[in-house]
Amino acid sequence: MRLSDGDKRMLDGSEGPAAREAMDHLVKLGEAFEADELVDIDSVHLFSDWLLMNEAGLRLYERFVGLGAKMRVHSSCEPIGFDLSRWQEFNLPSEYFSKQMQLSRCLRQMGVVLTYSNLIHLTQNVPTFGAHIAWIEGNATGWANSVVGARGNRESPINCLMAGITGRLPKYGLLRDENRRAQVIVEIDPEIIASFGAPGSTSCDWSSLGMLVGDLAFDRIPAVVGLPRRMKIEELKAFCSMCSPALTTSLILMVGISPEAPTLEAAFGGRIPKDVERKRVTLDELKDGFAALSEVPSTRIDGVLTGCPYKTVYELQELAGMLEGRRVKPDVFFWVYTDRAIWELAEASGLRERIERSGARLYHDACPVMIPHDRMFGPDKVFAADSVKMIRLIRGLGKPNFVFGSLADLIRAAETGTFRSTRW
Amino acid sequence: MPETRRYTGRIISRGKAEGEALVTRRPLSLMGSVFDFTTGIVKLGGHELEGQSVKDRILVYDTDYMSTSGTFGLLNMVQVYGCGPKGIIWRDAHNICASAAIYAGVPAMDRLREGIAWELIKTGDWVRLDADNGFIEVARAKI
């Protein structure tokens, strides 16, 4: 691998011990993945939370703080398990809060902007076409690559840290042109798109469609045909959120939408290979996939979780309207998630008050995937959610039961304590 | 003497290790919610390795999927809880665990030239992984 003079200076320790160790890791990474060189990066997005990082994550960050590490590029970080201004409402295990504060202090000392957000691509770490990014977070890298045409793998949290310290990353995976071409065609049945658009159904509909596309493509880049020419931010957000956990790659070439796929031919770099695999998603498959996300068709519920990925301010407007005059049952919780920037906007616009008047709670900083469900709730709780990403990622955590439905069905369930899906 | 076969592949993380293979043809996630990184036991519901421990094994699986936090699963096992695998072989490495193997010094390879790792190696085989020189030796377990 060719190293620039700057890379060599970092590697020989001229720029301090943090840059030396970080560059040493990046060179090994580049050699493993057969990169020819390292490239400058524009921004990093790092992990933050205690539950998933645990002691090894804290040691990693503390080690680099001790070496004097500072971010050289724009930075942001992932949500944590609780809302920092309302943490008492979370019933956290005792060591959880202090361990989280130790991690947060490390991030602050390294100069990481404490966004605690998975929606940074729409708020505080906005990617541009061709930008090189080193980000964790499947929905954000999915958006950056697929909607904007930025370049970056869903990068490991270690690599993101080292990239932030050096401003460099091996040019591998989705940073290389030749690795950004479609490998399979997935056609969406027009019936599916025609059936979309019911009130409060954006997240459940588009994330379940994303799941089917992702499960078909898995580790190949799909060229998706049959999407509407114009898609709302919230539709794209839900669809691309399935870059993880369904796909292992972070690029969905949405023909007619993705900048690198104005046509199907362009998605393949000019010519569609004769032997390319073609898959089709039908409405029946979508309905089956949708239904399978609920463990039972109808059940009592303990709580509603919505806002994965975080809600946009327009989704909060929609939610405030849908909750108008409604009342969440006292023994049911209704947790809504967004980031701090959007939360402040919701507060200033009166949306927070309108949402919480119903008994729902609007949280920032927090992500339900990062709370210790087993210790907070136990295995008998039943949650209702409208995000496939959330359900797939939480399912292991204390193994709570899930039902999946539209936001309209979630609200009805919160009012009555009983969930029944009316979407299909 | 059992028959020993030799395969070559791509070096992901340098070093040498040997041990008994634990093999799955499926992708795996070492994310804290579906994997107990304090004991090394797979919790992923319905996965063919559910309930099995990766501790001291040569772990062979397809690739990493689900949360990027799987990185910390491997890091915690190896650096904190002492229950990590001795080495890893993937069909195709994902940077999620490749990076943790590199950082924590777990020998690892992928893309065996002779075929797919999870077809060439069976659970119970004795595997010698030489990720300094890019080859593995597999002794078939007695059936």
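## Basis of the model

The model is predicted: local features need pLDDT of at least 70, side-chain atom pairs count only at pLDDT 80 or more, and totals for chains, interfaces and linings use all residues. Residues are numbered from 1 along each chain as its sequence is written, while chains are lettered from A and ligands numbered from 1 in the order in which they are written.

## Overall form of chain A

The secondary structure of chain A comprises 17 helices and 16 strands; these are DSSP runs numbered from the N terminus, with helices being H or I of at least four residues and strands E of at least two. The C-alpha trace spans about 65 × 60 × 40 Å along its principal axes. The radius of gyration of chain A is 22 Å, which agrees with the value near 22 Å for a compact globule of 424 residues; it is taken over C-alpha atoms, and the globule rule is 2.2 Å times the number of residues to the power 0.38.

Of the 424 residues, 54% count as buried, that is, 20 or more other C-beta atoms, placed from the backbone, lie within 10 Å of the residue's own. Among the contacts in chain A with a separation of 6 or more, 79% join residues 24 or more positions apart. A contact requires C-beta atoms, placed from the backbone, within 7 Å.

## Domains

An automatic or database domain assignment provides the bounds: domain 1 (5-178), domain 2 (181-290) and domain 3 (294-420) of chain A. The C-alpha centres of domain 1 and domain 3 of chain A are 28 Å apart, and 23 residues of domain 1 are in contact with 18 residues of domain 3.

## Packing of α8 and α11

In chain A, helix α8 (residues 202-217) packs against helix α11 (residues 283-292) at an angle of about 105 degrees, with the axes 10 Å apart. Axes are lines fitted to C-alpha atoms over the stretch in contact, and angles run from 0 to 180 degrees between N-to-C directions. The two helices, α8(A) and α11(A), are therefore roughly perpendicular, a class covering 65 to 115 degrees.

From α8(A), A:S208, A:L209, A:M211 and A:L212 meet A:E285, A:L286, A:G289 and A:F290 of α11(A).

## Surroundings of A:S244

A:S244 lies in the loop between α9 (233-240) and β8 (253-254) of chain A. This residue, A:S244, counts as buried because it has 27 C-beta neighbours inside 10 Å.

Not counting residues up to four places away in sequence, A:S244 touches A:G138, A:R154, B:M66, B:S67 and B:T68. The C-alpha atoms of A:S244 and A:G138 are separated by 4.8 Å, although the two residues are 106 residues apart along the chain.

How values were computed: Buried ≥ 20, exposed ≤ 12 C-beta atoms within 10 Å, placed from the backbone. Contact = placed C-beta atoms within 7 Å. Parallel < 35°, antiparallel > 145°, perpendicular 65-115°, else oblique.
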